[in-house]
Amino acid sequence: MIQLDEADRTILVLLQQDDRQTYVQIGAQVGLSPATVHDRVRKLERRGALMGYQARVSPRAVGLPVTAFISLNLDGGQSCRSVTPTLEAFPEIEECHSVAGDTDLLLKVRVPSTEALEELNYRLKCLEGVVRTQSLIILSTRFEDRPRIPAPLGREEHV
C-alpha cells in the first residue's frame, strides 16, 4: 500500500472527479502551486497510485444499452486462470472477477439487446470447463465508477 498524505488524497479525488482539470485548478483547491501539483501527480503515477486516464463513454450512446452480470461455474478440472485468457477474446465482457462462494467467475457485460445477451450466454456455456451460467440483467444503475479512495477529512461531497 502506498502512503498518501492529505494533499495526495485530495489530488487523486479531484482527478477522479474530472481528470481534465489543469494543475492550476487543482492547485487552487489543494492550496499548492501548479508546479507542485504537477510534481505530485508524476510521483503518484510512478508509485502506481495513479494508473492512467481514460474517457468515459456512455454504453447506451454507443449502442450497448443492456448491462448484465453473468456468473460462471466451472467444472472441477478447470481453474479461473485457465478460462480467463479465453474470456479476454469476448468484447462484450467489460470486467471479469474471480470470486469466493458458489460462483467461480463473475462477469460484467454490455450488449446491444437481450437477444445478444442470450447469444453470449450460449457462447459462454459452450466453453470448455463451463458447467453453468446465471445472468442478472441490470434494470437501472444508481451509480458506478465511484472514486476509489475516500475524500480527505472535510472534503466529502454530500448528495
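Me: Before we start, what does contact mean here?
Reply: Contact means heavy atoms within 4.5 Å. This is a predicted model, where local features need pLDDT of at least 70, side-chain atom pairs count only at pLDDT 80 or more, and totals for chains, interfaces and linings use all residues. Residues are numbered from 1 along each chain as its sequence is written, and side-chain values use heavy atoms, with hydrogens and water left out.

Me: OK. What is leucine 72 in contact with, leaving aside neighbours within four places in sequence?
Reply: Leaving those aside, leucine 72 is in contact with Leu87, Thr103, Asp104, Leu105, Leu107, Leu124, Val130, Arg132 and Thr133.

Me: How many residues does the largest nonpolar core have?
Reply: The largest nonpolar core has 19 residues. Ile70, Leu72, Leu87, Leu107, Val109 and Leu124 have the most contacts inside it. A nonpolar core is a set of buried Ala, Val, Leu, Ile, Met, Phe, Trp, Tyr and Cys residues joined through side-chain atoms within 4.5 Å. Buried means under 20% relative accessible area, exposed means over 50%, and partly exposed lies in between (1.4 Å probe, protein chains only).

Me: Which helices and strands each supply at least two residues of this core?
Reply: Strand S1 (66-74), helix H4 (80-87), strand S3 (105-111) and helix H5 (114-125). The largest share, five residues, comes from S1. Helices (H or I, at least four residues) and strands (E, at least two) are DSSP runs, numbered from the N terminus.

Me: And the second core?
Reply: That one is separate and has 13 residues. Leu12, Ile26, Val30 and Leu50 are among them.

Me: Back to leucine 87. Buried or exposed?
Reply: Leucine 87 is buried, because its relative accessible area is 3%. Its place is in helix H4.

Me: What does leucine 87 touch, not counting residues up to four places away in sequence?
Reply: Leu72, Ile93, Cys96, Leu105, Leu107, Leu124 and Leu127. Take leucine 107: leucine 87 is 20 residues from it in sequence and 9.4 Å from it in space, C-alpha to C-alpha.

Me: New topic, charges. How many salt bridges does the structure hold?
Reply: Nine. A salt bridge is a side-chain nitrogen of Lys or Arg within 4 Å of a carboxyl oxygen of Asp or Glu.

Me: Which side chain does arginine 40 meet in a salt bridge?
Reply: The side chain of aspartate 5, at 3.0 Å, N to O. This pair links distant parts of the chain, 35 residues apart. Arginine 40 is in helix H3 (residues 34-46), and aspartate 5 is in the segment before helix H1 (6-17). Aspartate 5 counts as partly exposed because its relative accessibility is 35%.

Me: Where is aspartate 8 found?
Reply: In helix H1. Aspartate 8 has a relative accessible area of 7%, so it is buried. Not counting residues up to four places away in sequence, aspartate 8 touches Arg40, Leu44 and Arg47.

Me: What about arginine 110?
Reply: The side chains of arginine 110 and glutamate 94 meet in a salt bridge (2.6 Å, N to O). Arginine 110 is in strand S3, glutamate 94 in strand S2 (residues 93-98), 16 residues apart. Arginine 110 counts as buried, because its relative accessibility is 11%. Glutamate 94 is partly exposed, at 42%.

Me: Where does glutamate 144 come in?
Reply: Glutamate 144 forms a salt bridge with arginine 110, the closest N and O atoms being 3.1 Å apart. Glutamate 144 lies in the segment after strand S4 (130-137), 34 residues from arginine 110.

Me: Which residues do salt bridges that share partners join into one network?
Reply: Glu94, Lys108, Arg110 and Glu144.
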